[in-house]
Amino acid sequence: MIDPLSVFLLLISASTPILFAALGELVVERAGVLNLGVEGMMITGALAGFAAAYASGNPFLGFLVAAVAGAAISLLFAALTQLFLANQVASGLALTLFGLGLAAMFGKPFEGVKAPPMPIGPLRINWIVWLGLAMVPVVWWFLNRTRRGLVLRGVGENHEAAHALGYDVRLTRLAAIAFGGAMAGIGGAFISIATVLQWTEGMTAGAGWIALAIVVFSNWTAAGVLAGAWLFGGVTVLQLRLQAAGVQVPVQLLSMAPYLATIIVLVAISARQKYSRRAGAAAPGSLGTNFHALR
């Protein structure tokens, strides 16, 4: 008999890497920046976190290093787009390729070794899962109930108006990008330290792209990000359960199920936005647009 609680706990654990990365990208996009480099930041965090955890024997130090590494590589994107005004889409894609290449080059010495064990928290779930869940109300509160969060949203809606009111658009966006990088780094480290328990090249396997899709699915809300991450986690758990039960379905089809579900949801969201002006207005007004300071 299937225990619903066990399935739910597996679901929230499977959704944790996506949840961290998507919450970080939510803040970035709310500031008006489209960073397509989430996959590159996640794989960088996965390697840096695993290396630090393995060297120190402390998985929590690994997550801290992963956050720093993710934020550091995100600042490359920030410099290109906020200081040199490079195209955000091209810069984000370049960041993903750079991160994947960097991790592949420096990850060779860590192949075949195991990560230190993660301490278990309440309900036999590790503490990083609970941290991810706690970040949902924290991000919501920041964006909706704090002055800095409202300024960040104002920058994302109309950066020229925010600048005219005296707010530092570039500094606000730099801080948002660094936060998004740190969150993506933690998400990547969760895969290497708490899920796979070892380093494998390309182990994020498109999780960064799913995180980007979930931000759109969420209509740029923290609660929507949680729902989207749980949807992906639920389909992931389902395909693992079906594989374990020996269901006669090609393993390749089961493995693609979470990504197929995400595509179907995105198509549905796009169709809804086409016929609903209110839904389409959820995207920040200045999303993907560089800010040119008045001289």
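## The main core

The largest nonpolar core has 70 residues, and those touching the most other members are Leu23, Leu26, Val38, Phe63, Val139 and Trp199. Here, a nonpolar core is a set of buried Ala, Val, Leu, Ile, Met, Phe, Trp, Tyr and Cys residues joined through side-chain atoms within 4.5 Å. Buried stands for under 20% relative accessible area, exposed for over 50%, and partly exposed for in between (1.4 Å probe, protein chains only). Two or more residues of this core come from each of α1 (4–30), α2 (38–56), α3 (59–83), α4 (88–106), α5 (127–145), α8 (169–195), α9 (207–217) and α10 (222–244). Helix α1 gives the largest share, 12 residues. Helices here are DSSP runs (H or I, at least four residues), numbered from the N terminus.

This is a predicted model: local features need pLDDT of at least 70, side-chain atom pairs count only at pLDDT 80 or more, and totals for chains, interfaces and linings use all residues. Residues are numbered from 1 along each chain as its sequence is written, and side-chain values use heavy atoms, with hydrogens and water left out.

What does Trp199 contact, leaving aside its neighbours within four places in sequence? The list is Ile43, Ala46, Leu47, Phe50, Ala103, Gly107, Phe110, Glu111 and Val113, where contact means heavy atoms within 4.5 Å.

There's also a second, separate core of 5 residues, with Val155, Ala162, Val169 and Phe291 among them.

## Helix α6

Helix α6 covers residues 147–157, and its buried residues are Gly149, Val151, Leu152, Val155 and Gly156. Look down the axis of α6 and these buried residues fall within an arc of 160°, so they line one face of the helix. That arc is taken from the directions from the helix axis to the C-beta atoms. The cover over the buried residues of α6 includes α1, α5, α7 (159–164) and α8.

## Two loop residues

Leu85 sits in the loop between α3 and α4. Its phi is near 60°, a positive value in a residue other than glycine. Leu85 is partly exposed, at 28% relative accessible area.

Arg124 is in the loop between α4 and α5. Arg124 isn't a glycine, yet it has a positive phi of about 60°. With 72% relative accessibility, Arg124 counts as exposed.
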